[in-house]
Amino acid sequence: MAFLKPEDYFVLVLTIGATLGVGLYQSFKGGKRRTTAEYLVGSRNMSALPVAISLMVSYESGIMMLGVPSEVYIYGMQWFLSNLGHFFADLINLHIFVPPLKKLEITSIYEVSKTTCN
């Protein structure tokens with residue numbers, strides 16, 4: 001059974017410490033969030049870069065990073081064609097669905113029925 005070397009433990013502790021440090025710093029520096037909307041959507045005044053990074057990180061998981069090579073090995077170019085289809089679907093969503101949902105000022109797609117029925 002292989003164990004980690006001291007250098008590995010150092011990198012692990014450094015990574016966890018940096019992550020914890022950033023979280024604690026932002027929690028003390030950022031002040032208190034008063035509403036759920038302020039917490040979830042940043043009072044709707046965030047720039048595009050943090051939103052894009054958040055969406056990318058939530059879309060690409062560790063399981064996906066481990067599974068994609070085997071999918072490509074087994075199914076070949078089908079993976080590329082699937083990504084091409086996702087690209088065009090994202091463009092359609094961006095131009096057709098996002099603008100009306102943005103005007104509703106909701107934090108989740110599940111709030112649409114509540115907003116439109118009242």
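This is a predicted model: local features need pLDDT of at least 70, side-chain atom pairs count only at pLDDT 80 or more; totals for chains, interfaces and linings use all residues.
Biologist: Thanks! How far does α1 reach from its first C-alpha to its last?

Modeller: Helix α1 covers residues 6–29, which makes 24 residues. At 1.5 Å a residue, a span of 34 Å is expected, and the helix comes close to that, reaching 34 Å.

Biologist: And which feature does UniProt place at residues 9–28?

Modeller: Over residues 9–28 the chain is 100% helix and 0% strand. The end C-alpha atoms of that stretch are 28 Å apart. The UniProt record, an unreviewed entry, labels residues 9–28 "transmembrane region".

Biologist: Good to know. What share of the protein's 118 residues is buried?

Modeller: The protein has 6 helices and 0 strands. Its accessible surface comes to about 10700 Å², with 69% of it belonging to carbon and sulfur atoms. Among the 118 residues, the buried share is 3%.

Biologist: Now for the largest pocket: which element gives the largest share of its lining?

Modeller: The largest pocket holds about 1300 Å³ of space. Of its 28 lining residues, Val41, Val51, Leu55, Leu94 and Val98 are the closest to the centre. Two or more lining residues come from each of α2 (36–41), α3 (48–59) and α5 (78–104). The largest share, 9 residues, comes from α5.

Terms used: Residues are numbered from 1 along each chain as its sequence is written. Side-chain values use heavy atoms; hydrogens and water are left out. On a 1 Å grid over the protein atoms alone, a cavity is a set of points where a 1.4 Å probe fits but cannot get out, and a pocket is an open set with protein on both sides within 12 Å along at least five of seven lines; lining residues have an atom within 4 Å of a point. Grid points are joined across faces, edges and corners, and a volume is the space filled by probe spheres set on the points. Helices (H or I, at least four residues) and strands (E, at least two) are DSSP runs, numbered from the N terminus. UniProt positions are given in the numbering used here, feature names are shortened, and annotations may be inferred rather than shown by experiment. The expected span of a helix is 1.5 Å times one less than its number of residues. Buried means under 20% relative accessible area, exposed over 50%, partly exposed in between (1.4 Å probe, protein chains only). Accessible areas come from the Shrake-Rupley method with a 1.4 Å probe; for residues, only the protein chains shown count as cover.
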